Amino acid sequence: MKLLTLNTHSWLEEQPYDKLDTLVETILSNQFDVIAFQEVNQSIAESVIDVSDQFAYQAADPTIQIKRNNFAFLVQQKLEQAGLRYAWTWLPAHIGYDIYDEGLAFLSLHPIQEIKTFYASKSKAYENYKTRPVLGVQIEDSWYFNLHLGWWTDKDDSFKEQWAVCTAVFQTLSGPIYLMGDFNNPAQATNEGYELVTKEWFDTFHLAMKRDKGHTVEKNIDGWAENNDKLRIDFIFTNHPIGVDTSKVFFDGKNNPVISDHYGVSIQLTAAIEQTIV
């Protein structure tokens, strides 16, 4: 099993269609089993598409409207045109930059058996950029959750409060669970979100037999305007000590061109673990 998480920052980068093609080419080359995207945008003003004949699409909610330039939809369509079908789903989170529906997406090479959603944030207002829903999919015997959570220092809706909500949901589930996404909490910060999560969850970066530096942000970006450090804020956590062969950063300019203000993170489970899951 290969997993990939990426904050896409979609339609907010220069030459976005070239970067979309780079992403598609990378997925075709690597054939990740499960992909979690954050900041998956579609234009609010764009026309709605009919997804009733899109057999690969599974709605997280029947009222969700997929617009013509939904980033995950375009990725999935290009992959299918190239002969690789991914099942996919998308959950809107809030309005982004006044003109986008911003959300979370999953793509999976395996059937999505069930979808689970909940709000981690206190805010549920679509107009509030701090509104943070969580998207989960069950694939085979495992749950995968896509998270884009808030900041530790946020006085209105802190990471600590959001994590408590997430923990309560995760504790109701059995079997392997994978948490994928942008946690907005650097691994190097002490007594903050990363240490809170890793009290009970395993960071697959440290489980990996082979790994790189793991940094996914290397400059000041949206949400980290004063940052000048190399940060590891995009993670794949798990609730059990699995065997991980590799943990590797993608789209960092060294391993594939940069396509977002975040780099992606991919892990590959060891063959023994793959056999038990499959």
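Which residues does Glu13 touch, not counting residues up to four places away in sequence? I found Lys19, Ile259, Ser260 and Asp261, a contact being heavy atoms within 4.5 Å. Before going on I noted that this is a predicted model, in which local features need pLDDT of at least 70 and side-chain atom pairs count only at pLDDT 80 or more, while totals for chains, interfaces and linings use all residues. Residues are numbered from 1 along each chain as its sequence is written, and side-chain values use heavy atoms, with hydrogens and water left out.

**Entry on Glu13.** I placed Glu13 in the loop between strand 1 (2-7) and helix 1; helices (H or I, at least four residues) and strands (E, at least two) are DSSP runs, numbered from the N terminus. The side chains of Glu13 and His9 are joined by a polar contact of 2.6 Å, and the Glu13 side chain also reaches the backbone nitrogen of Asp261, at 3.4 Å. A polar contact is a pair of N or O atoms within 3.5 Å; within protein, one must be able to donate a hydrogen and the other to accept it, and residues adjacent in sequence count only if both atoms are side-chain atoms.

**Entry on cavities.** I searched the whole structure and found three cavities of 30 Å³ or more. A cavity is a set of points on a 1 Å grid over the protein atoms alone where a 1.4 Å probe fits but cannot get out, and lining residues have an atom within 4 Å of a point; points are joined across faces, edges and corners, and the volume is the space filled by probe spheres set on them. The largest has a volume of about 80 Å³, and its lining includes Glu13, His9, Lys19, Ile259 and Ser260. Helix 1 (residues 16-30) gives the largest share of that lining, three residues.

The second largest cavity has a volume of about 60 Å³, and among its lining residues I noted Asp203, Asp234, Phe235 and Ile236. Strand 11 gives the most to this lining, with three residues.

**Entry on the sheet.** I then followed strand 11 (residues 234-238), which pairs with strand 9 in the antiparallel sense over two bridges, where pairing requires that DSSP finds at least two bridges. Asp203 has Phe237 in strand 11 as its bridge partner. Six strands form an open, mixed sheet in the order 5-6-7-8-11-9, with strand 5 (114-119) and strand 9 (202-203) as its edges, each pairing on one side only.

Technical notes: 1 Å grid on protein atoms, 1.4 Å probe; cavity = no way out; pocket = protein on both sides within 12 Å on 5 of 7 lines; lining within 4 Å.
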